[in-house]
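Hi there,

Here is the structure I promised to pass on to you. Have a look at it first, and then read on for what turned up in it.

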Amino acid sequence: MSALPFNLGGGTNGGFASPDPITPAEYEFIRKIVYEQSRINLGPSKKELVMARLSKRLRALDLPTYADYISMIKSPAGRDEMTNLIDSISTNHTYFFREPQHFDFLSQVVLPEFCETNAKHGTKNFRVWSAATSSGEEPYTIALILDDYFETRVKGWTWNILCTDISTRVLAKAQEGIFSKDRLGPVRPDWLIRYFDKGVGESDGFFRVKDEIRKKLTFKSLNLLAPSYPFRETFQVVFCRNVMIYFDRETQQELVNKISPLVEPGGYLIIGHAESLTNVKHPFKLVKPSIYRKE
Ligand SMILES: C[S@@+](CC[C@H](N)C(=O)[O-])C[C@H]1O[C@@H](n2cnc3c(N)ncnc32)[C@H](O)[C@@H]1O
């Protein structure tokens with residue numbers, strides 16, 4: 001493991017009084033516009049959370065009340081603020097090796113299967129799409145597994161990962177690939193040494209994914225609710241985990257209709273363990289809970 005200083009950013013927002021509580025009409029406006037733009041369904045119980053998250057936007061924009069914030073969103077200048085609003089509201093919780101059965105399945109079943117099939121047909125490029133990538137823990141977990149597999153077990157393959165999310169804030173963090181030591185607990189110690197540079201000085205306690213791994217990941221902002229997706233390539237595996245849970249059945253159906261053609265025949269769609277495709281039509285066979293194979 002090499003040792004490097006990183007730029008960790010930072011900054012504070014001191015000296016700003018808390019705004020008055022959001023009124024029912026203001027909350028209803030925010031709830032509706034967030035649903036229209038992202039299908040994130042904010043029930044009444046999310047009011048406190050919305051206020052906590054939005055008060056940070058008010059501070060950043062120097063706006064004293066939620067009414068001012070809403071006026072701003074309604075104005076032409078407010079169009080750009082929508083991204084920040086969705087960013088603040090969306091839940092980006094994630095961690096390395098979350099739902100570890102998916103990664104065991106990737107290394108023990110999917111990779112051997114594809115390498116065997118493609119040894120005969122000659123296509124030696126393995127492509128994964130992490131469709132709700134958040135701050136990067138999911139695609140970097142996949143990257144470590146792919147690199148280890150193609151370096152130590154089966155040679156001669158290239159691989160890459162497309163990483164998308166609606167939130168530009170988390171994508172920027174993912175692209176940096178810097179994680180504090182406590183986020184890296186589930187990573188094997190020898191992989192920590194092999195795949196990360198250790199921070200020094202001000203960056204002590206932080207680790208950065210090595211350049212040669214990071215350059216195999218492409219980060220793009222994408223709203224999964226967009227009418228179509230701006231890429232034509234297909235993927236052997238699509239990870240779309242812990243995002244559908246926010247969507248109603250109709251929206252889940254739309255999403256599955258758009259994702260399915262992008263999964264190669266014989267390829268996999270992996271969703272979160274708390275999610276299911278039970279109520280939507282799809283061309284997949286359930287092979288294990290939350291793991292679907294395209295026939
Ligand atoms: C809970 S995180 C899941 C991260 C990772 N897939 C995992 O399972 O650990 C959910 C992510 O979905 C993203 N998201 C929410 N709505 C979205 C949408 N309409 N299009 C794309 N991403 C969305 C959020 O920004 C957030 O980063």
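This is a predicted model: local features need pLDDT of at least 70, side-chain atom pairs count only at pLDDT 80 or more; totals for chains, interfaces and linings use all residues.

In it, the axes of helix H1 (residues 24-38) and helix H4 (residues 81-89) come within 11 Å and cross at roughly 100 degrees. Angles of 65 to 115 degrees count as roughly perpendicular, so H1 is roughly perpendicular to H4. On the H1 side, the contact is made by Ile 30, Ile 33, Val 34, Gln 37 and Ser 38; H4 brings Met 82, Leu 85, Ile 86 and Ile 89 to it. By class, that contact between H1 and H4 has seven nonpolar residues, two polar ones and no charged ones.

The largest pocket has a volume of about 590 Å³. It is lined by 24 residues, and Lys 56, Asn 92, Arg 169, Val 170 and Lys 173 are the closest to its centre. H4 turns up again here: along with helix H2 (47-61), helix H7 (168-176) and strand S4 (178-180), it is one of the elements that give two or more residues to this lining. The lining of the largest pocket divides into six nonpolar, nine polar and nine charged residues.

The second largest pocket holds about 400 Å³ of space. Of its 23 lining residues, Thr 91, Ala 132, Asn 242, Val 243 and Tyr 246 lie nearest the centre. The lining of this second largest pocket has ten nonpolar, nine polar and four charged residues.

Note on methods: Residues are numbered from 1 along each chain as its sequence is written. Side-chain values use heavy atoms; hydrogens and water are left out. Axes are lines fitted to C-alpha atoms, for helices over the stretch in contact, and angles run from 0 to 180 degrees between N-to-C directions. Helices (H or I, at least four residues) and strands (E, at least two) are DSSP runs, numbered from the N terminus. Angles under 35 degrees count as roughly parallel, over 145 as roughly antiparallel, 65 to 115 as roughly perpendicular and the rest as oblique. Contact means heavy atoms within 4.5 Å. Ala, Val, Leu, Ile, Met, Phe, Trp, Tyr, Cys and Pro count as nonpolar, Asp, Glu, Lys and Arg as charged, and the others, Gly among them, as polar. On a 1 Å grid over the protein atoms alone, a cavity is a set of points where a 1.4 Å probe fits but cannot get out, and a pocket is an open set with protein on both sides within 12 Å along at least five of seven lines; lining residues have an atom within 4 Å of a point. Grid points are joined across faces, edges and corners, and a volume is the space filled by probe spheres set on the points.
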